[in-house]
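Have a go at each task before you read its solution.

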Amino acid sequence: MAPKEKPADTASTHVAEALAEAIHEHRIAPGTKLNEDEVGEVYGVSRTVVRAALQQLAHMRLVELKRNRGAFVAKPTVKEAREVFEARAMLEPTMTRYAAERMTIEDIAILQAHIDAEHAALRAGETGRALQLSGQFHIEVARIANQVTIAEFISQLVARSSLIIALYWQRRAALCESHAHHALIKALAAKDGPLAEELMKNHLLDLLTSLDLREQTSAPQSLSEALKQ
């Protein structure tokens, strides 16, 4: 029996990662029901595998499991939206200062690659993909700071932010503006911790003010079509 468990675990992880990517890229809107049969058909896996994948996403708080109703893409409230960005404002500026102290040439290259890929996605009209890359930029900064526990929290908060932006953004500025990340890279490359900290604090404030924090209703869409993109 043991040899069969690993492929199932691998399959559920693969499905979880694919669904997470679709959620982060805003191909699946917050509040969308994730029908087990439909997801299984798209990825060619059993309901057992899909169920395990949904459990993983629920642990990441990207999915909500509702008794007798099924799984739904998480839909953050206005209150939670504010709390998420307040938490990021408390954690990320300090992490950015730590990152500046540890920054290497290789790290700068990684961050620059994220910005380049984000711009390429925007030029291609792939807004959701650009947002995912923008979020990954923030996660990389936390990783460079070498504060593993806090970096894990930031990763979860960035994931929640993606859902929040999908619901509440009111203008294109909700994308991390290019000049903000460019300025951050300059400060990080110069190992200017205080400046990097201040830039991140202002950047997160700008991001929050670009959101329309009123209750929104997501437009319905076909799950299978979204996942097959």
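**Exercise 1.** How many nonpolar, polar and charged residues are in the lining of the second largest pocket?

*Solution.* Before counting, note that this is a predicted model, where local features need pLDDT of at least 70 and side-chain atom pairs count only at pLDDT 80 or more, while totals for chains, interfaces and linings use all residues. Residues are numbered from 1 along each chain as its sequence is written, and side-chain values use heavy atoms, without hydrogens and water.

Step 1: a pocket is an open set of points on a 1 Å grid over the protein atoms alone, where a 1.4 Å probe fits, with protein on both sides within 12 Å along at least five of seven lines; lining residues have an atom within 4 Å of a point.

Step 2: sort the lining by class, which gives 4 nonpolar, 3 polar and 7 charged residues. Here Ala, Val, Leu, Ile, Met, Phe, Trp, Tyr, Cys and Pro count as nonpolar, Asp, Glu, Lys and Arg as charged, and the others, Gly among them, as polar.

Step 3: find the centre, where E36, R51, L54, G70 and A71 lie nearest.

**Exercise 2.** Which element gives the most to the lining of the largest pocket?

*Solution.* Helices are DSSP runs of H or I with at least four residues, numbered from the N terminus. Helices α6 (127-144) and α7 (148-168) each give two or more residues to this lining. The most comes from α6, with 9 residues. In all, 22 residues line the largest pocket.
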